[in-house]
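Got a model open and want to talk through what its geometry says? Let's go question by question.

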Amino acid sequence: MKSKNKEEKKILRDMCTRCGTCCMKGGPVLHNQDKKILVSGYVGYHHLVTIRKDELAFNPLKNRIEPSETELIKIKGKGNDWSCYFYNVKESSCIIYENRFLECRLLKCWDNSDLISIIGRDTLMRKDIINRDDPILSIIETHEKECPFNEINNLLYALPQEKNKSKLLVKLKDYVNKDITIRSYALSELGLKSEFEPFIFGRPLFKILSAYGISVHMSKDILRWYLPEPEDPLSGISEIKQKGRET
Ligand code: SF4
């Protein structure tokens, strides 16, 4: 009976009631049509996060989480929450409503056909937004080459079945270290602002690993991480000095 009422409400609704559910599920992916909002200055690099190619992401077309077929730029969440950065919970409103993005304008929770029609089409990538003379582009290229997500995924998929995990964990640690080293170089040597880091390099690998049960913590300027190794659990603990990073 309860589910029938829910279904009726779903069918009867034909306008936004500002419940906020959509905005709290996460910010939109940006499309070419959104470039003008970035150019106008309403939204900056510090509002963005990059989903790298092959990074796990929710695919609304298949209604499941899977490796992203392409690089995507999203509006970031608040803290550890994916709730859209621009959503004002107290007011149940979007603080950039007049300049909201294509996906936000097409999103209707009672009928997702318009939104579905543009998913994966004309989406923006970092190179579409960053000035082509900016030296950070070559660092991004190095980062992609040194820390490719498809190879990291292969290691993560193989890990649960692998009897001798040590070899895989060493490779994984190597990727984590490279990811950190490249980010630190960009922050300390190129003067990259830390608030731009999620857009320039995506989420740090050590944070992403926690979704796989591999726990990594940053405390002050020291990163402590634990990769479970059945033979000798303590041998997975490492400390890496970090410079110019707060989180
Ligand atoms: S930009 Fe505005 S409308 Fe779009 S998800 Fe964020 S809060 Fe909601």
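Q: By class, how many nonpolar residues does the shell around the ligand have?
A: A quick word on ground rules: this is a predicted model, where local features need pLDDT of at least 70, side-chain atom pairs count only at pLDDT 80 or more, and totals for chains, interfaces and linings use all residues. Residues are numbered from 1 along each chain as its sequence is written. Ala, Val, Leu, Ile, Met, Phe, Trp, Tyr, Cys and Pro count as nonpolar, Asp, Glu, Lys and Arg as charged, and the others, Gly among them, as polar. On that scheme the shell has one polar residue, one charged residue and, for the nonpolar class, 10.

Q: Which residues surround the ligand?
A: A residue gets in if its C-beta atom, placed from the backbone, lies within 6 Å of the molecule. The list has Cys23, Gly27, Pro28, Ile75, Cys84, Phe86, Tyr87, Cys94, Ile96, Arg100, Phe101 and Cys104.

Q: Which residues have the most contacts inside the largest nonpolar core?
A: A nonpolar core here is a set of buried Ala, Val, Leu, Ile, Met, Phe, Trp, Tyr and Cys residues joined through C-beta atoms within 7 Å. "Buried" takes 20 or more other C-beta atoms within 10 Å of a residue's own, 12 or fewer is exposed, and in between is partly exposed, with C-beta atoms placed from the backbone. The largest core has 22 residues, and the ones with the most contacts inside it are Leu30, Ile73, Ile75, Cys84, Phe86 and Ile200.

Q: Which elements give two or more residues to this core?
A: Helices (H or I, at least four residues) and strands (E, at least two) are DSSP runs, numbered from the N terminus. The contributors are strand 1 (48–51), strand 4 (72–75), helix 4 (102–106) and helix 10.

Q: What does helix 9 reach from its first C-alpha to its last?
A: Helix 9 has 23 residues.

Q: Which residues of helix 9 are buried?
A: Lys173 lies in this helix (residues 166–188), but Lys173 is partly exposed because it has 15 other C-beta atoms within 10 Å. The buried ones are Leu172, Val176, Asp179, Ile180, Arg183 and Ala186.

Q: Where is Arg18 found, and is Arg18 buried or exposed?
A: Check the backbone first: Arg18 has a positive phi of about 55 degrees although it is not a glycine. Arg18 is in the loop between helix 1 (2–12) and helix 2 (21–25). With 12 C-beta neighbours inside 10 Å, Arg18 counts as exposed.

Q: Where does Asn63 lie?
A: Asn63 also has a positive phi, near 55 degrees, in a residue other than glycine. Asn63 is exposed because it has 7 other C-beta atoms within 10 Å. Asn63's spot is the loop between strand 2 (56–59) and strand 3 (64–67).

Key
The expected span of a helix is 1.5 Å times one less than its number of residues.
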